[in-house]
Amino acid sequence: GFSEQRHKDFDEVLKVLSTLRGRKGGCINMDELREECLLTNLGLGGPSLRAVVWKLLLGYLPQRSGDWDATLAELRGNYLNERMGFVHDTVVARESAIEVARRSLTREGQPPQTEDVIEVQRLLDQINKDVYRTRPELVWLDDDRMRAMARVSRKFRLGDGTMVIDIVHPTTHFDRMGRILFVYATLNPGLGYVQGMHELLAVMYLLFCQDHLLRSETDSSCAAELAEADAFYCLTNLMAQHHRDMFL
(Lines give C-alpha, C1' and ligand atoms only; values in the text may rest on other atoms or scores of the structure.)
Protein backbone atom coordinates (compact mmCIF):
# COMPACT_ATOMS: atom_id res chain seq x y z
CA GLY A 1 0.00 0.00 0.00
CA PHE A 2 0.84 3.67 0.13
CA SER A 3 2.50 3.60 3.57
CA GLU A 4 4.59 0.55 2.67
CA GLN A 5 5.87 2.20 -0.51
CA ARG A 6 6.60 5.39 1.39
CA HIS A 7 8.76 3.53 3.93
CA LYS A 8 10.50 1.66 1.12
CA ASP A 9 11.33 4.90 -0.69
CA PHE A 10 12.53 6.51 2.53
CA ASP A 11 14.88 3.59 3.22
CA GLU A 12 16.21 3.76 -0.35
CA VAL A 13 16.98 7.47 -0.02
CA LEU A 14 18.69 7.02 3.35
CA LYS A 15 20.81 4.13 2.08
CA VAL A 16 22.09 6.08 -0.91
CA LEU A 17 22.69 9.31 0.97
CA SER A 18 24.61 7.54 3.73
CA THR A 19 27.18 6.41 1.16
CA LEU A 20 27.51 9.88 -0.38
CA ARG A 21 27.56 11.93 2.81
CA GLY A 22 31.09 12.98 3.64
CA ARG A 23 32.60 12.42 7.05
CA LYS A 24 33.25 16.12 7.54
CA GLY A 25 30.14 18.20 8.18
CA GLY A 26 27.71 15.59 6.87
CA CYS A 27 27.72 17.12 3.37
CA ILE A 28 26.83 15.27 0.20
CA ASN A 29 29.87 14.75 -1.99
CA MET A 30 28.61 16.21 -5.27
CA ASP A 31 31.46 14.81 -7.36
CA GLU A 32 30.65 11.31 -6.13
CA LEU A 33 26.95 11.92 -6.71
CA ARG A 34 27.54 12.95 -10.33
CA GLU A 35 29.84 9.98 -10.85
CA GLU A 36 27.26 7.60 -9.40
CA CYS A 37 24.63 9.02 -11.74
CA LEU A 38 26.92 8.50 -14.74
CA LEU A 39 28.12 5.01 -13.85
CA THR A 40 24.99 3.54 -12.26
CA ASN A 41 21.22 3.86 -12.47
CA LEU A 42 21.11 6.12 -9.41
CA GLY A 43 19.20 8.83 -11.25
CA LEU A 44 16.70 6.23 -12.45
CA GLY A 45 15.75 4.83 -9.04
CA GLY A 46 12.37 5.17 -7.37
CA PRO A 47 10.58 8.53 -7.66
CA SER A 48 11.60 9.66 -4.17
CA LEU A 49 15.27 8.92 -4.77
CA ARG A 50 15.20 10.54 -8.21
CA ALA A 51 13.51 13.62 -6.76
CA VAL A 52 16.22 14.05 -4.12
CA VAL A 53 19.03 13.46 -6.63
CA TRP A 54 17.61 15.91 -9.15
CA LYS A 55 17.06 18.58 -6.49
CA LEU A 56 20.66 18.17 -5.35
CA LEU A 57 22.11 18.31 -8.85
CA LEU A 58 20.06 21.41 -9.69
CA GLY A 59 21.23 23.20 -6.56
CA TYR A 60 17.80 23.37 -4.95
CA LEU A 61 18.79 21.25 -1.96
CA PRO A 62 21.98 22.24 -0.11
CA GLN A 63 24.80 19.72 0.14
CA ARG A 64 24.41 19.50 3.91
CA SER A 65 21.38 17.26 4.44
CA GLY A 66 20.82 18.67 7.92
CA ASP A 67 19.86 21.98 6.30
CA TRP A 68 17.22 20.53 3.99
CA ASP A 69 14.16 21.06 6.19
CA ALA A 70 14.95 24.71 6.89
CA THR A 71 15.83 25.41 3.26
CA LEU A 72 12.67 23.79 1.92
CA ALA A 73 10.49 25.60 4.46
CA GLU A 74 12.00 28.96 3.53
CA LEU A 75 11.90 28.55 -0.25
CA ARG A 76 8.45 26.97 -0.36
CA GLY A 77 7.22 29.80 1.86
CA ASN A 78 8.74 32.37 -0.49
CA TYR A 79 6.77 30.83 -3.33
CA LEU A 80 3.46 29.99 -1.65
CA ASN A 81 3.07 32.61 1.11
CA GLU A 82 -0.49 33.96 0.92
CA ARG A 83 0.56 37.57 1.48
CA MET A 84 4.01 38.03 0.04
CA GLY A 85 5.00 34.93 -1.91
CA PHE A 86 5.82 34.84 -5.61
CA VAL A 87 2.40 33.35 -6.40
CA HIS A 88 0.65 36.13 -4.51
CA ASP A 89 2.64 38.93 -6.10
CA THR A 90 2.42 37.68 -9.68
CA VAL A 91 -0.92 35.83 -9.73
CA VAL A 92 -3.28 36.46 -6.81
CA ALA A 93 -2.69 40.22 -6.83
CA ARG A 94 -3.73 40.23 -10.51
CA GLU A 95 -6.73 37.93 -10.08
CA SER A 96 -9.21 40.31 -11.74
CA ALA A 97 -7.01 40.85 -14.79
CA ILE A 98 -6.36 37.11 -15.08
CA GLU A 99 -10.07 36.26 -14.94
CA VAL A 100 -10.86 38.81 -17.66
CA ALA A 101 -7.97 37.47 -19.73
CA ARG A 102 -9.21 33.89 -19.33
CA ARG A 103 -12.67 34.87 -20.55
CA SER A 104 -11.26 36.91 -23.42
CA LEU A 105 -9.51 33.79 -24.74
CA THR A 106 -12.88 32.07 -25.29
CA ARG A 107 -15.23 32.75 -28.17
CA GLU A 108 -17.77 34.32 -25.84
CA GLY A 109 -15.24 36.59 -24.17
CA GLN A 110 -14.84 40.29 -24.85
CA PRO A 111 -11.55 41.72 -26.17
CA PRO A 112 -9.28 42.95 -23.36
CA GLN A 113 -9.45 46.69 -22.71
CA THR A 114 -6.37 47.44 -20.59
CA GLU A 115 -2.66 46.92 -21.16
CA ASP A 116 -2.40 44.67 -18.11
CA VAL A 117 -5.15 42.36 -19.35
CA ILE A 118 -3.68 42.34 -22.87
CA GLU A 119 -0.30 41.34 -21.43
CA VAL A 120 -1.83 38.63 -19.24
CA GLN A 121 -3.94 37.31 -22.12
CA ARG A 122 -0.95 37.05 -24.43
CA LEU A 123 1.07 35.15 -21.84
CA LEU A 124 -1.82 32.88 -20.83
CA ASP A 125 -2.58 32.08 -24.46
CA GLN A 126 1.01 30.97 -25.12
CA ILE A 127 1.23 28.87 -21.97
CA ASN A 128 -2.26 27.41 -22.32
CA LYS A 129 -1.58 26.03 -25.80
CA ASP A 130 1.63 24.32 -24.73
CA VAL A 131 0.59 23.02 -21.32
CA TYR A 132 -2.28 20.96 -22.71
CA ARG A 133 0.09 19.34 -25.20
CA THR A 134 2.30 18.06 -22.39
CA ARG A 135 2.97 14.31 -22.27
CA PRO A 136 -0.22 13.14 -24.02
CA GLU A 137 0.87 9.51 -23.56
CA LEU A 138 0.39 9.71 -19.78
CA VAL A 139 -3.06 8.31 -19.09
CA TRP A 140 -3.21 9.55 -15.49
CA LEU A 141 -2.48 13.09 -16.66
CA ASP A 142 -5.21 12.91 -19.29
CA ASP A 143 -7.63 11.57 -16.66
CA ASP A 144 -6.79 14.59 -14.52
CA ARG A 145 -7.84 16.88 -17.34
CA MET A 146 -11.07 14.99 -18.04
CA ARG A 147 -12.12 15.14 -14.39
CA ALA A 148 -11.51 18.86 -14.32
CA MET A 149 -13.50 19.46 -17.51
CA ALA A 150 -16.55 18.03 -15.80
CA ARG A 151 -16.24 20.69 -13.09
CA VAL A 152 -15.21 23.79 -15.01
CA SER A 153 -17.75 26.27 -16.34
CA ARG A 154 -18.05 26.48 -20.12
CA LYS A 155 -17.22 30.17 -19.98
CA PHE A 156 -13.59 29.15 -19.49
CA ARG A 157 -13.42 26.75 -22.43
CA LEU A 158 -12.14 27.37 -25.92
CA GLY A 159 -14.06 26.55 -29.06
CA ASP A 160 -12.64 23.02 -29.20
CA GLY A 161 -13.70 22.33 -25.61
CA THR A 162 -10.21 22.76 -24.18
CA MET A 163 -10.14 24.55 -20.86
CA VAL A 164 -8.28 27.75 -20.16
CA ILE A 165 -5.92 27.00 -17.29
CA ASP A 166 -6.91 28.37 -13.89
CA ILE A 167 -3.71 29.66 -12.31
CA VAL A 168 -5.46 31.52 -9.47
CA HIS A 169 -7.36 28.52 -8.08
CA PRO A 170 -5.61 25.50 -9.64
CA THR A 171 -7.34 22.12 -9.52
CA THR A 172 -5.33 20.16 -12.09
CA HIS A 173 -1.69 19.45 -12.88
CA PHE A 174 -2.13 21.52 -16.04
CA ASP A 175 -3.22 24.49 -13.92
CA ARG A 176 -0.20 24.15 -11.65
CA MET A 177 2.29 23.75 -14.47
CA GLY A 178 0.72 26.77 -16.12
CA ARG A 179 1.04 28.76 -12.91
CA ILE A 180 4.72 27.88 -12.56
CA LEU A 181 5.39 29.06 -16.11
CA PHE A 182 3.33 32.22 -15.58
CA VAL A 183 5.21 33.09 -12.38
CA TYR A 184 8.57 32.36 -13.98
CA ALA A 185 7.79 34.47 -17.05
CA THR A 186 6.53 37.35 -14.91
CA LEU A 187 9.63 37.31 -12.71
CA ASN A 188 11.91 37.08 -15.76
CA PRO A 189 10.44 39.67 -18.17
CA GLY A 190 13.62 39.80 -20.24
CA LEU A 191 13.01 36.21 -21.27
CA GLY A 192 9.33 35.64 -20.53
CA TYR A 193 7.82 32.36 -21.66
CA VAL A 194 9.19 30.56 -24.70
CA GLN A 195 7.76 27.42 -26.27
CA GLY A 196 9.55 24.34 -25.00
CA MET A 197 9.89 25.46 -21.40
CA HIS A 198 6.80 23.42 -20.56
CA GLU A 199 8.59 20.22 -21.56
CA LEU A 200 11.54 20.94 -19.26
CA LEU A 201 9.16 21.76 -16.44
CA ALA A 202 6.91 18.73 -16.93
CA VAL A 203 9.73 16.23 -16.38
CA MET A 204 10.48 17.71 -12.96
CA TYR A 205 6.96 18.58 -11.81
CA LEU A 206 5.45 15.22 -12.73
CA LEU A 207 8.30 13.38 -11.00
CA PHE A 208 7.89 15.41 -7.81
CA CYS A 209 4.15 14.67 -7.83
CA GLN A 210 4.98 10.96 -7.67
CA ASP A 211 7.39 11.34 -4.75
CA HIS A 212 5.92 9.21 -1.96
CA LEU A 213 7.84 11.23 0.63
CA LEU A 214 6.03 14.36 -0.51
CA ARG A 215 2.57 12.93 -0.90
CA SER A 216 0.06 12.64 1.91
CA GLU A 217 -2.59 9.97 2.24
CA THR A 218 -5.15 12.60 3.22
CA ASP A 219 -4.21 15.82 1.42
CA SER A 220 -3.11 15.45 -2.19
CA SER A 221 -3.59 19.17 -2.88
CA CYS A 222 -0.98 20.06 -0.27
CA ALA A 223 1.51 17.66 -1.86
CA ALA A 224 0.76 19.16 -5.28
CA GLU A 225 1.48 22.63 -3.90
CA LEU A 226 4.84 21.49 -2.55
CA ALA A 227 5.67 19.78 -5.84
CA GLU A 228 4.75 23.00 -7.63
CA ALA A 229 7.06 25.09 -5.46
CA ASP A 230 9.93 22.62 -5.81
CA ALA A 231 9.49 22.44 -9.59
CA PHE A 232 9.47 26.24 -9.87
CA TYR A 233 12.86 26.56 -8.19
CA CYS A 234 14.33 23.63 -10.09
CA LEU A 235 13.17 25.15 -13.38
CA THR A 236 14.62 28.51 -12.36
CA ASN A 237 17.98 26.94 -11.48
CA LEU A 238 18.01 24.79 -14.61
CA MET A 239 17.37 27.81 -16.82
CA ALA A 240 20.00 29.87 -15.02
CA GLN A 241 22.66 27.16 -15.15
CA HIS A 242 22.20 25.56 -18.54
CA HIS A 243 19.27 26.49 -20.75
CA ARG A 244 18.49 30.21 -20.59
CA ASP A 245 20.61 31.11 -23.64
CA MET A 246 18.80 28.45 -25.69
CA PHE A 247 15.53 30.38 -25.35
CA LEU A 248 16.85 33.88 -26.04
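**Notes on a few spots in this model**

1. Let's start with M163, which is buried at a relative accessible area of 4%. Buried here means under 20% relative accessible area, exposed means over 50%, and partly exposed is in between, using a 1.4 Å probe on protein chains only. You'll find M163 in the loop between α8 (139–149) and α9. Helices (H or I, at least four residues) and strands (E, at least two) are DSSP runs, numbered from the N terminus. M163 and Y132 sit 31 residues apart along the chain, and their C-alpha atoms are separated by 8.8 Å.

2. A quick word on what you're looking at. This is a predicted model, where local features need pLDDT of at least 70 and side-chain atom pairs count only at pLDDT 80 or more, while totals for chains, interfaces and linings use all residues. Residues are numbered from 1 along each chain as its sequence is written, and side-chain values use heavy atoms, with hydrogens and water left out.

3. Next, have a look at H198 in helix α10 (residues 197–209). Is H198 buried or exposed? With a relative accessible area of 6%, H198 is buried. Leaving aside residues up to four places away in sequence, H198 touches D130, V131, T134, L181 and Y193; contact means heavy atoms within 4.5 Å. The side chains of H198 and Y193 also make a polar contact (3.3 Å). That term means a pair of N or O atoms within 3.5 Å; within protein, one must be able to donate a hydrogen and the other to accept it, and residues adjacent in sequence count only if both atoms are side-chain atoms.

4. Now for helix α7 (residues 115–131) and helix α9 (residues 173–187): their axes come within 10 Å and cross at roughly 135°. Axes are lines fitted to C-alpha atoms, for helices over the stretch in contact, and angles run from 0 to 180 degrees between N-to-C directions. So α7 and α9 are oblique to each other. Under 35 degrees counts as roughly parallel, over 145 as roughly antiparallel, 65 to 115 as roughly perpendicular, and the rest as oblique. Where they meet, α7 brings residues including L123 and I127, and α9 brings others including L181 and F182.

5. Helix α2 (residues 30–39) and helix α3 (residues 47–57) pack at about 125°, with axes 11 Å apart, so these two are oblique as well. M30, L33, R34 and C37 in α2 meet V53, L56 and L57 in α3.

6. Last, the cysteines. C209 is buried at 14% relative accessibility, and C234 is buried at 0%.
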